[in-house]
Amino acid sequence: MDLLRNRRKQAASTEPSIEPSLDVTSLPSISGSMSPPEPWEEVDISSTDYARRRRELMEMMADLRSMGADALIALPSVVVIGGQSAGKSSLVEAVSGINVPRDSGTCTRCPMECNMSSHAKSWSCTITLRIGFDSNGLDLQKPTNVRFGPTITDRSEFEVWLRRAQAAILNPNVASSTFHAKTVEELKNIKNTLKFSRNVVCVSIEDPDATDLSFYDLPGLIQNEEPEAVALVKNLAEHYIEKKNTIILTTIPMSDDMENQQSMSLARAADPNGKRTIGVLTKPDTLGTGAINQRRKWVEIIEGRSEEHTLTHGFYCVRLPDDSERAQRLSRAESQRRAAEYFDTTSPWKDVIERHRFGIPGFVSDISQLLIQLIEETLPCLREDVDTLLAKCTKDFDELPPPLENDPQIEVLGRVNTFCDDFKSFVNGSHEDKSLAQRNRALYAIFKRDIRGTAPDFRPFNDPEHYVPLDDTEGNMTLTERDPGVKVMGIYDIRRVIQEAIGWELPNNVPYQAKATLITQFTKLWVVPSERCLTGVNNVLDQVVDTLISTHFGRFKVLEEYFGNLIRIQVDICKARAKDAVKTALDLETIPHYTQNTHYLQILREKWLAHYKTVRSRPFMYRAPVYEIKEARGPITSRPGSPNPSTSDDECNKPMCDPSPHPMSARKANGASRGRGLKPCPSNTYTGELETSEAKALRALAEAGYAGLRVSDLARLLPPDSFEEELVVMADVRAYFHVAYKRTIDHIPFTIEHSLHHALAKQLSQSLLTSLLTDAASGPNFSERMKELVSEDASIAQRRLMLSTRKERLLNIRRRLMTFSNGT
């Protein structure tokens, strides 16, 4: 980057070398030693290839900014910031050759973009208003560029036109042309709508004496304003300088300590390493001859010897015209001559070796070349960024639903029919999404377990709590989930029920009412599991219906709300009917207690009666453990090797837990007499002498012609029991439970499915279409009602427009970048 130290002679005679880099932080430093200054020579640098390239790059950047590219990608730029009275306005005037408004207080109240070009033969200027934000400071979908006034050819007229343009920016609700004829006094007396604005006044200067350069001049940082205004100006500066491709020019008056400059604080925050910040020191002539220490300190900073204030690209020192010189309207050349004379004759500035660090010409030349190099190096990244943004924008746009093309009536009816068809397939289980069927099957399995848990807990002993539960006829399992409403009943409990039911029956006749009372004890427990199952099914249905409503009608919010309400009304109707149907189904189990499945009932009765007799004949085998066992609190699994008790309920055929290895082993088994948990279970399959005796008995009976008997049949040979009636009642009730249980665990799910899901699927289409036609017919215009229903959600339409506009902007930006690449 040594070339940036040379004056116009070297710039005209030598092409600058451009090393590849990613951003301004990697550009070489423009500080360093410098050969003694050479006489200035008049060279037409506009004729060089470098000048042409520079002009093309600057024009491309201006075009990209006019397209709003800086809101999408980080364009290389130069930003001038500084506090009030820091000499920022004077610096802008010296660089651009134009006069900017100067009043007491803050004059610049919106960003000014200044584009300078040297390829013209005479001076001219155009002003454009770039409106990219609304009056609330929010981004517009597409920035607009409004030409403001005619082309200015007289420099003296520029200041008033700049005032007019700024007034137009600060009053967005007034036509900009209104301000074209305003005088300076009229502009000063206007009560602006906004105090500050993020919209930009773009100034394009054609000046043969200028250096090709583009920069932003931001409102000066303020302190003595309303907090809202102070924060707005600060945020505006932070927004511009935070981008990694931005060169920060911060103006620092030498009459004050650098530590007091807010602009330097903001620059350090945005650029901690100082790689893209350049300090511009102003007002060196305000330092008196006696300020020796201050002058020495500033010299150290300019020469890069200060440890506290170090920037990669260093500091520049400029002397700008004071008020009296401005009043004389000195030419640019004269102002620069006086400044050069001051630095060449005044100590300690005249002794500084790096002479290009003093004055506007060297400063502007270096900044211009630094900006051009930055643009050159970031062009590939800009193209990549645009391609990435364009790909994402296209993807987001394609994900939006396309605009409605069908006739509204066809669209509405088609969506209703598709919704109803999909719901039917969910109910029938033919849809690819099986969630409704699978989740309901899981709920019905839980219902089955809960009903099984209401089985009577009969233990044919005087003190039933001292014995293990008898939950199947083989003695191989216990319930894993027992309903808390089930009571343990012993032989005397059954006798008491019988006695309480005796009326005018003859002796040896057990009242039917006794059995009915015992049956009612478990059938009344079926209400809660049934209601719980129905509630779970209803919840699943709600979720499925909500999903389908969103899928089929969600694109149009009005349509979704309209049919969502109609559908949920039908769902609620079917829920109420299903609730009544379940209640009716449960009422069937109250009166009468009846079954035609008498064969199964008789088999179970005989099995249970034999089992109870066997148990009573061997009570020692069914004793609960003598030590105390706390009742289990959660679901209990079977003992190792046992089938899962929740999957088998047919005590006629399937043993459901491990047999004890010895009759006496029941006394040592772990378990509790009731409640949840696995209990020790006896078995009628034994080892040792007892098994041998029973085997001998069965063999002897077979030899006597009584073949086909089992060990359980031997209970019939036992002597009569004094509690025979009680045992028969136990067996009858236990057998009937299994008959009723098996039909209930099927009947309730079928009832729910048909009264809820199938009924809803059957009536949904007709009810929806009837409601739609009735509603539309009651209005003045059927077609308008259909249009209203499929009116697109405003947020979707707005997003489509935003993405479409964004895509168009990105395509234009990409096209401009590609045009430049192809042209070079």
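User: Which residue of E5 is the bridge partner of Met112?

Analyst: This is a predicted model, where local features need pLDDT of at least 70, side-chain atom pairs count only at pLDDT 80 or more, and totals for chains, interfaces and linings use all residues. Numbering starts from 1 along each chain as its sequence is written, and side-chain values use heavy atoms, without hydrogens and water. Strands (E, at least two residues) and helices (H or I, at least four) are DSSP runs numbered from the N terminus; two strands pair if DSSP finds at least two bridges between them. Strand E2 (residues 112-117) runs parallel to E5, joined by 6 bridges, and in E5 Met112 has as its partner Val201.

User: In which sense do strand E3 and E5 pair?

Analyst: Ser124 stands opposite Glu206 in E5. Strand E3 (residues 124-133) pairs with E5 over 7 bridges, and the sense is antiparallel.

User: How many of the 7 residues of strand E5 are buried?

Analyst: Buried means under 20% relative accessible area, exposed over 50%, partly exposed in between (1.4 Å probe, protein chains only). Strand E5 (residues 200-206) is largely enclosed by the rest of the structure, because the buried count among its 7 residues is 5.

User: Is Phe522 buried or exposed?

Analyst: Phe522 sits in helix H15 (residues 512-523). Its C-alpha is 7.3 Å from that of Val486, 36 residues away in sequence. Relative accessibility is 2%, so Phe522 counts as buried.

User: What is the relative accessibility of Asp257?

Analyst: Asp257 lies in the loop between strand E7 (246-253) and helix H7 (262-270). Asp257 counts as partly exposed, because its relative accessibility is 37%.
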